[in-house]
Structure formats: structure tokens, C-alpha cells
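Good morning, and thank you for joining this group meeting. I would like to walk you through one structure, beginning with a pair of helices. Please look at the display first.

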Amino acid sequence: MNESLLRELVPAVIGVIVRRGADFAAAEDAVQDALVEAVRVWPDDPPRDPKGWLVTAAWRKFLDAARAETSRRHREERVDGEPEPGQGGAVDDTLQLYFLCAHPSLTPASAVALTLRAVGGLTTRQIAQAYLVPEATMAQRISRAKRTVSGVRFNQTGDVATVLRVLYLVFNEGYSGDVDLAAEAIRLTRQLAVRTHHEEVAGLLALMLLHHARRPARTGPDGRLVPLAEQDRGLWDTRLIAEGLDVLQAALARDRLGEFQAQAAIAALHADAQKAEETDWVQIVEWYDELVRLTGSPVARLNRAVAVGEADGARAGLAALAGLDPALPRYTAVEAYLRERDGDPVAAARLYAEAARSASSLPERDHLTRQAARLNARLRG
Amino acid sequence: MAKYLLLKHYRGAPASVNDVPMEQWTPEEISAHMQYMRDFAARLAGTGELVDHQALLPEGTFVRSDGEGRPPVTDGPFAETKDLIAGWMVIDVESYERAVELAGELSAAPGAGGEPIHEWLELRPFMSERLLATE
């Protein structure tokens with residue numbers, strides 16, 4: 001039995017149970033229980049109609065839970081009633097679930113957790129492992145998130161942008177434990193792209209594919225970070241790159257540019273270069289100009305300074321850096337890089353060491369420390 | 001989300017506002033303090049923000065390797081060690097501001113006279129082990 005095939009059915013099954021009259025929180029619990037049973041039963045007795053099997057099992061779980069709840073409260077109401085007539089297939093339940101789980105009333109972390117469970121079909125334990133928190137903590141986070149959206153009508157259309165932010169957060173969490181969140185984010189974005197023809201959904205999907213394609217080359221065998229310029233491009237996944245380029249081209253052809261498309265275009269230009277020296281930095285600077293125009297983001301300006309340094313020389317890069325807030329994350333690392341290229345290894349070594357002290361992740365700190373050590377060794381020699 | 005370590009010091013932090021040693025509190029004041037700490041942890045567990053917490057005994061030992069084939073050397077406790085950790089709590093919260101807010105609440109645990117201790121807690125962000133999936 002393929003676990004990811006099973007998980008793909010989850011949002012649609014939740015939708016059916018909700019349409020039959022269950023509230024979202026109860027439906028979601030019932031489907032999780034049905035999944036557990038599926039994992040136990042299917043290997044010996046695979047169903048002919050997996051989705052139908054899950055709907056039946058989940059509806060039974062829902063009724064069991066509702067009965068237990070009722071007898072606990074000594075109340076007898078609205079349990080065994082006829083299922084409410086469904087509204088047919090006109091509304092895409094899966095799409096509605098994306099909106100509900102990314103509802104603006106949720107904090108980003110709650111939206112992420114709820115999306116992974118209700119849309120992604122992951123168990124609470126898997127989500128807890130991926131985010132390195134105890135299972136009980138994650139369970140609380142999810143049940144609070146469900147309470148928060150309990151008043152939201154299931155058929156309310158939401159904002160695609162909020163869904164994209166949630167999926168981007170999941171993607172950026174990367175991978176640890178037995179759940180590859182980057183791969184899961186790609187699966188969920190792909191599934192969303194099938195259901196909506198929004199160009200930024202395609203933009204985000206392309207961005208994820210193009211970055212994911214480089215993953216095998218991004219770390220060395222000892223786990224150390226390998227910068228883009230030094231990556232073995234033979235390790236890049238050409239199939240993912242080809243798919244990313246196709247998705248991006250189709251999105252750009254619609255002529256409604258957004259930040260994810262712009263970021264994907266930059267990733268595409270890197271993917272296009274067979275060697276680092278062949279990178280089209282002039283075009284990359286132009287895309288960063290678009291990105292800055294679209295977002296005004298200081299991080300985009302900082303990355304633009306790196307690109308300017310490659311396109312027009314380190315001096316121009318340093319000039320582009322002037323005016324940015326030195327407190328920006330990675331500002332010092334960028335300045336160190338540009339100083340070295342500008343022929344000032346003493347300042348670069350000092351700045352790399354300073355950047356290492358304020359790095360927020362271990363691989364990044366190690367990388368920056370190595371850069372400082374490399375320059376210091378050269379200065380001593 | 002970001003993880004933070006909240007450190008409570010026996011020694012080494014600046015003096016609390018309500019700076020009376022615990023052994024001089026009344027038993028009721030000690031109970032009230034303990035209850036406050038338990039309630040605080042329970043509330044964070046309920047909001048899905050608690051990762052773990054633990055109190056530590058004050059007596060510690062320093063240990064170092066003494067070379068291959070030899071047992072490790074132990075020493076201490078050293079009276080002059082200026083820093084002494086009393087306990088820690090790990091939280092996983094939405095923002096730095098939320099971490100500061102929670103540390104502030106924990107610092108206001110009641111002490112002598114039932115008044116808040118206003119002790120200094122140290123707040124340290126965790127270093128992430130992973131790389132962003134985007135470069």
C-alpha cells in the first residue's frame with residue numbers, strides 16, 4: 001500500500017464527511033481514525049474502492065464518536081439522523097480545506113500544523129517529529145487551531161495568497177525525521193495547482209521544484225553547506241528542473257507577475273547555467289529589480305546586492321549594499337563576501353567571523369566560520 | 001515558530017527585585033510559588049508552546065577527559081563559579097516578542113510576602129540544525 005496515495009484521499013474524504021453533517025473538527029478526527037484502520041487492514045484486504053472504503057470507515061468512526069459524546073453528556077440529539085444531502089461535486093472540497101486550514105484567524109504555526117494534518121493526511125506524531133516538539137504539544141496546537149476555525153463556514157472561499165504563505169513555510173522547514181516537509185510541500189502545492197489556475201500557485205510550485213532539484217548538491221557528504229557557485233551541477237535533478245521550467249513558463253505567459261514567479265525566474269536562471277561562470281547575472285539583477293518592486297522586501301534588496309556584485313563587480317555590489325540596514329540577517333555575510341571579492345581579505349575575515357557569531361543555523365555558522373578560517377590561514381601564510 | 005531556552009539562575013543573574021532567599025519564605029509562600037510554576041507550565045502545554053522543563057540540583061561536578069586509557073578527571077563544585085543554573089524551560093513560540101512576554105510572566109512568580117519576585121531570567125534562542133530549503 002502506498003502511503004502517499006492514501007494520504008491524497010484525505011482532504012476529499014474530510015469534505016464528504018463534513019457535507020454529511022459533521023463539523024470540521026469531528027470529521028477530521030474521524031478521517032484520521034479511519035486512516036489508522038486502513039493502514040492495519042488494507043495490506044491483507046485491499047479495497048476495490050479506497051476512497052469509498054475510507055468514507056464508510058470515517059463516517060462510522062464519526063457516528064461512534066458522536067454517540068460516545070452524546071451518552072457522556074446524557075443528551076440525545078441529532079446523531080443518527082439522515083445524512084444531509086450533499087451538494088454534489090460542484091464545490092471542490094479539497095480546495096475548500098486548503099482555505100480553511102490557512103484561515104487568516106490562525107497563527108502561521110497553527111495553519112501549518114492543521115494543513116499538514118487535514119490536507120496532507122500526516123499524523124500528529126509525524127508532524128511533531130518534523131517540528132521537533134513533543135507529540136502532546138503538537139496535538140494541543142492542532143486542537144486549538146480546529147477550535148479557532150470552528151466557526152468558519154466550510155464553503156467559504158479564501159485568499160490563495162494565505163495558502164501559498166503556509167505552503168512556502170512548510171517547504172522552507174526542509175527535512176528532518178522521517179517526514180520530508182519540502183517534498184510534502186511540493187506534493188500539496190502540486191495538488192493545489194491542479195485545482196486552481198492561479199499563476200502564483202504555479203510560480204510557487206516552480207520555485208519549489210527548482211530549489212528542490214539542487215538539494216543533492218547543497219550539502220557535502222559531511223553535511224557541510226556547499227555554496228551555489230561550488231555545487232556539483234551534475235547532481236542537480238534535471239527532471240525536476242525541466243518540470244519547474246515548464247510550470248514557470250506557462251505561468252509567466254499569463255502576464256500577471258507575482259513574487260513567487262519572480263523568485264522562480266531567478267532560480268531558473270541559475271538552473272540554466274551549466275557552469276557557475278555561465279550564470280546570466282545581468283538578467284538575475286533585472287529579476288531582483290522586479291522582486292524589489294513587487295515586495296519592497298529588504299531581503300530581496302540584500303540578495304540583489306549579491307547579484308549586482310556578480311554582474312557589475314564587487315564595488316558596485318558594495319554600493320548596492322549601502323543604505324540597507326546592517327541588522328538584516330545575512331547582511332554581514334554578504335558584506336564579507338563582497339569585501340573579499342573587492343580585494344580586502346582582512347576586512348572579509350573579520351566580517352565572516354562576525355557573521356558566524358550571529359548565524360541562526362548550525363550549517364550556516366560552520367560555513368561562515370570556515371570562510372573566516374580560510375582567509376585567516378591565507379593571511380598568516 | 002522558534003524555540004527558546006528560559007534559564008533560571010541560582011547565581012549569576014542580577015539580583016531580583018523581591019530578593020529574599022526561599023528558605024526565609026513561609027511554607028504557604030513556597031506552596032504558592034510552586035503552584036504558580038505548575039500552572040504556568042500547564043498553560044503552555046495547553047497552548048502547544050511547551051517543549052520541556054526541568055529543575056536542576058545546585059551541586060554539579062566538572063568533568064574532563066584525561067587522555068586515552070585514563071578515567072575522566074572530576075573536580076568541583078567550585079565555589080568561585082559565578083554562574084549556577086537552577087532550572088530550564090524550552091518553549092516553541094511564534095515570535096521573540098511572545099518569548100519575552102512569557103519570560104516576563106514566569107519572572108513574576110510570587111515569592112516572599114506573596115509579592116512577585118521579579119527575578120531575571122535568561123532567554124536564549126535555539127540555533128537551528130537545518131538549512132532553509134531555499135538558498
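This is a predicted model: local features need pLDDT of at least 70, side-chain atom pairs count only at pLDDT 80 or more; totals for chains, interfaces and linings use all residues.

In chain A, the axes of helix H13 (residues 238-252) and helix H14 (residues 259-272) come within 10 Å and cross at roughly 140°. Because angles under 35 degrees count as roughly parallel, over 145 as roughly antiparallel, 65 to 115 as roughly perpendicular and the rest as oblique, H13(A) is oblique to H14(A). The axes are lines fitted to C-alpha atoms, for helices over the stretch in contact, and angles run from 0 to 180 degrees between N-to-C directions. The crossing of H13(A) and H14(A) is left-handed, a term used if the near helix is turned anticlockwise from the far one by less than a right angle, with right-handed used if clockwise. From H13(A), A:Ile241, A:Gly244, A:Leu245, A:Leu248, A:Ala251 and A:Leu252 meet A:Gln261, A:Ala264, A:Ala265, A:Ala268 and A:Ala271 of H14(A). Contact requires C-beta atoms, placed from the backbone, to lie within 7 Å.

Residues are numbered from 1 along each chain as its sequence is written, and chains are lettered from A and ligands numbered from 1 in the order in which they are written. Helices (H or I, at least four residues) and strands (E, at least two) are DSSP runs, numbered from the N terminus.

Helix H15 (residues 281-295) and helix H16 (residues 298-312) of chain A pack at an angle of about 160°, their axes being 9 Å apart. H15(A) and H16(A) are therefore roughly antiparallel to each other. Their crossing, that of H15(A) and H16(A), is left-handed. Among the residues that make the contact are A:Trp281, A:Tyr288 and A:Leu291 of H15(A) and A:Arg304, A:Ala307 and A:Ala311 of H16(A).

Let me turn to chain A as a whole. Its secondary structure comes to 20 helices and two strands. The C-alpha trace of chain A spans about 80 × 45 × 40 Å along its principal axes. Of its 381 residues, 42% count as buried, that is, 20 or more other C-beta atoms lie within 10 Å of their own; exposed means 12 or fewer, partly exposed lies in between, and C-beta atoms are placed from the backbone.

Is A:Lys61 buried or exposed? A:Lys61 is found in helix H4 (residues 50-72) of chain A, and it counts as buried because it has 22 C-beta neighbours inside 10 Å. Leaving aside its neighbours within four places in sequence, A:Lys61 is in contact with A:Ala30, A:Asp33 and A:Ala34. A:Lys61 and A:Asp33 are 28 residues apart in sequence and 6.9 Å apart in space, C-alpha to C-alpha.

In H19(A), the buried residues include A:Ala348, A:Leu351 and A:Tyr352. What covers the buried residues of H19(A) includes helix H18 (331-341) and helix H20 (362-380) of chain A.

Finally, the partner chain. In chain A, 24 residues are in contact with 18 residues of chain B. Helix H8 (135-148), helix H9 (160-172) and H20 of chain A each supply at least two residues of the side that touches chain B. The largest share of that side, six residues, comes from H8(A).

Note on methods
Two residues are in contact if their C-beta atoms, placed from the backbone, lie within 7 Å.
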